[in-house]
Amino acid sequence: MKGIRRTLICSALIAAAGIAASWEARAEVVYNRGNSADPETLDPHKTSTVYEAHILRDLFEGLVAEDAAGELIPGAASSWTVSEDGLVYTFALNPEGRWSNGEPVTADDFVFSMRRLVDPATAAQYATMLYPIQNAEAVNTGGMPADQLGVRAIDPATLEVTLAEPTPFFLELLTHQSAYPVNPASVEELGSDFIRPGQMVSNGAYTLTEFIPNDHITLKKNPEFHDAANVAIDTVNYFPTEDRSAALRRFQSGELLSNDDVPVEQIGWIRENMGEQFISCPYLGTYYFTVNTQKPPLDDVRVRRALSMAIDREFLAEEIWGGTMLPGYSLVPPGINNYGEPAYLDYKDLSMFDREERAAELLAEAGYGPDNPLRVEIRYNTSENHRNTSTAIASMWEPLGVQVSLVNSDTATHYALLRERGDYDIARAGWIGDYSDPQNFLNLLVSWNPRFNYARWENPRFDELMRQSAKTADLDERARLMQQAEAIVAEEEPYFDLLTYASKNLVSPKLKGFVCNTLDHHPTRFLSIEP
C-alpha cells in the first residue's frame with residue numbers, strides 16, 4: 001500500500017509541477033490599442049465622448065450588451081420580458097454576474113445607478129438617455145425626488161423598469177455607456193475618487209489598473225467577469241493618438257495593434273500600401289460645424305445659410321478626407337433605422353456656382369460684403385484632419401469676403417468649451433450614433449438638452465414635434481414628425497451638416513475577431529491576438 005500511495009503522491013506532484021510550468025510558460029497577452037484622444041472622465045455617468053466609450057465598454061457591462069458585430073446580446077441581464085403595452089420591462093439578472101471585488105451584481109445596483117444618472121446633482125451629460133423611463137425628466141430637472149424614477153428591484157435578481165411611453169429603441173439605449181451600473185458602496189465611500197486606478201470596482205471584462213494622462217491607460221482582465229473564460233486578452237493598453245500620422249508610424253512599427261483613425265492626407269498611400277490592414281465601413285455619424293446662434297452676426301439665419309451654402313461638401317469628402325467620408329446634407333445620416341430619407345438641405349442639388357451666387361446675395365442682405373467683411377473664428381480640436389477641413393472651408397468663404405481666423409485646442413478643452421457654453425463663433429463637432437434611431441441625432445438640438453445643444457438654438461415648434469414623436473408608438477407617424485422637425489433644422493441651420501462618417505481603422509493581421517459594424521464598437525473581450 002505504501003508503494004502505491006508513494007506513487008500516487010509523486011504523480012500528483014509531477015502533475016502539479018506540469019500545470020505550474022504550463023501556466024508560467026503562457027505569456028501574458030497584451031493588446032496595445034490606439035484611441036483617438038484621452039478620456040475626460042471614466043465615470044460612466046459623466047461621460048460624453050466616443051473615446052471614453054471605447055474604454056468604458058471594456059470596464060463595465062449594461063443590462064444589454066453588443067457582440068462583435070454590434071448586435072444585441074444579454075449582458076448583466078441574462079433575459080427580459082416586455083409587457084403587451086410596451087411599457088414594462090422585466091430583467092432577470094445573470095446569476096453569474098459579479099463586481100470585480102467578487103460581490104454579486106444586483107437589481108438594487110441598477111436602481112442606484114439609474115437614479116444617480118438622472119439625479120441633477122450628478123450633472124450627467126447623458127441623463128436624457130433615460131428620459132423614456134417614467135418620471136426621468138421630472139427627476140432630472142428637479143421636479144421630483146430620484147426615488148420616483150420608474151425603476152425598482154423586485155428582488156436581488158429581478159429589475160423592473162416602467163417607461164412613460166413605448167420606446168422602440170429602449171434596449172439599444174441600455175447598451176450606452178451612461179446606462180452602465182456603478183458599484184454603490186464604492187461610490188458612497190470614495191465619492192468622485194471611485195474611478196481611480198486600483199479603487200474602481202467594475203463589472204465588465206476588465207479592471208482599471210493604471211491611468212497616466214496623455215500617455216496610457218492600462219486595463220487588466222477581470223477574473224470575476226461572468227464570461228472570463230472566453231476573454232483571451234490579459235492586458236489592454238489604451239494610447240491616446242490625437243496625432244494620426246504618429247499613430248500610423250507606431251502601427252507600422254508594431255507598437256500598436258490597432259488605431260481607430262488615420263491621417264486622411266495619407267489615405268491614398270494607406271489604401272495602396274496597407275492592404276487589408278486598413279478597414280473602412282459605413283459608420284453611423286455626422287461631421288458638422290456648430291454655430292453660436294446667440295452671438296451676432298451668426299444669430300442671423302441669412303448669415304448662417306450663406307456660409308453653409310458656400311461650402312463644397314463634395315470637395316471636402318473627396319479631396320480633404322480622401323473618399324473616407326460622404327458629402328453630408330442632413331443632420332440625420334442616411335440609412336438609419338425607423339426613419340426613411342432624412343430632410344436634406346434644400347440646396348443639395350444646386351450647382352456650387354448657383355449656391356455661391358445665392359450665398360453672396362444673402363450676405364449682402366445681412367449687410368456684409370467687400371466694404372464690410374464678415375469676420376468669424378473657427379475652432380477645432382487638435383487633428384490634422386480637422387485643421388485641413390477648417391482651412392479648406394475658410395478658403396471657400398474667402399471669395400465672399402469672409403475673413404476667418406482658426407483656433408485649435410486639445411479635444412477635452414474643445415468639447416468642455418462647447419458644453420459649458422464658452423465663447424465661440426463656429427466650431428467643429430461630430431456626433432456618432434449611440435443607437436440606430438433618428439431621435440439620437442435630433443435630440444442634440446432640443447432646448448432641454450443644453451449640454452449637447454452646442455448651438456444654443458431654440459425653436460418651440462421643433463421642441464413640440466420632438467415631444468410628439470416621443471409619445472408616438474406608430475413608427476411611420478413617429479418618423480413623419482421627426483422629419484418635420486429635421487426640416488426646421490435644415491431651414492435654420494444651427495449646424496452646418498458637412499459629412500457622413502465612414503469608420504477608418506488600422507488593424508494588425510495579428511488581431512483576430514475584429515468585425516465591421518455601423519456603430520464601430522469593438523469590445524476587447526471578443527478580440528484575440530495571434531503570436
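**Ground rules**

I number residues from 1 along each chain as its sequence is written, and my side-chain values use heavy atoms, with hydrogens and water left out. As the model is predicted, local features need pLDDT of at least 70 and side-chain atom pairs count only at pLDDT 80 or more, while totals for chains, interfaces and linings use all residues.

**Entry 1**

I began with helix α9 (residues 301–309) and helix α16 (residues 475–492), which pack at an angle of about 85 degrees with their axes 8 Å apart. My helices (H or I, at least four residues) and strands (E, at least two) are DSSP runs, numbered from the N terminus. The axes are lines fitted to C-alpha atoms, for helices over the stretch in contact, and angles run from 0 to 180 degrees between N-to-C directions. I therefore put α9 and α16 down as roughly perpendicular to each other; angles under 35 degrees count as roughly parallel, over 145 as roughly antiparallel, 65 to 115 as roughly perpendicular and the rest as oblique.

Which residues make the contact? On α9 I found Val-301, Arg-304 and Arg-305, and on α16 Ala-490, Glu-491 and Glu-492, with contact meaning heavy atoms within 4.5 Å. Two of the contact residues are nonpolar, four are charged and none is polar. Here Ala, Val, Leu, Ile, Met, Phe, Trp, Tyr, Cys and Pro count as nonpolar, Asp, Glu, Lys and Arg as charged, and the others, Gly among them, as polar.

**Entry 2: a four-stranded sheet**

Next I traced an open sheet of four strands, in the order β4-β5-β7-β6, with antiparallel pairing; two strands pair if DSSP finds at least two bridges between them. β4 (77–82) and β6 (151–155) stand at the edges with a single partner strand each, so one side of each has no neighbour in the sheet. From one strand to the next, the twist averages 25 degrees.

I looked at one pair in detail: β6 and strand β7 (residues 158–162) run antiparallel and are joined by four bridges. Asp-155 stands opposite Thr-158 in β7. Helix α3 (residues 107–118) lies across β5 (88–93), β6 and β7, and runs at about 170 degrees to β6.

**Entry 3: pockets**

A probe the size of a water molecule, rolled over the atoms, shows where empty space is left. On a 1 Å grid over the protein atoms alone, a cavity is a set of points where a 1.4 Å probe fits but cannot get out, and a pocket is an open set with protein on both sides within 12 Å along at least five of seven lines; lining residues have an atom within 4 Å of a point. Grid points are joined across faces, edges and corners, and a volume is the space filled by probe spheres set on the points.

The largest pocket has a volume of about 480 Å³. Of its 24 lining residues, Tyr-131, Pro-132, Glu-137, Arg-467 and Ala-470 lie nearest its centre. α15 gives the largest share of this lining, four residues. I sorted the lining of the largest pocket into 12 nonpolar, seven polar and five charged residues.

The second largest pocket has a volume of about 280 Å³. Its lining holds 18 residues, with Gly-70, Glu-172, Asn-337, Ser-436 and Leu-519 nearest its centre.

**Entry 4: cavities**

How many cavities of 30 Å³ or more does the structure hold? I noted six. The largest cavity has a volume of about 650 Å³; 40 residues line it, and Val-50, Tyr-51, Tyr-283, Ile-432 and Tyr-501 are the closest to its centre. α2 gives the most to this lining, with five residues. The lining of the largest cavity divides into 16 nonpolar, 15 polar and nine charged residues.

The second largest cavity holds about 160 Å³ of space. Among its 16 lining residues, Arg-57, Phe-60, Ala-65, Tyr-180 and Arg-525 lie nearest its centre. The largest share of the lining of the second largest cavity, three residues, comes from β2.

**Entry 5: two backbone details**

Most residues other than glycine have a negative phi, and most peptide bonds are trans. I flagged the peptide bond from Pro-296 to Pro-297, which is cis with omega near 0 degrees. Pro-297 lies in the loop between β12 and α9. I also flagged Asn-214, whose phi is near 65 degrees, a positive value in a residue other than glycine. Asn-214 has its place in the loop between β8 (206–212) and β9 (216–221).
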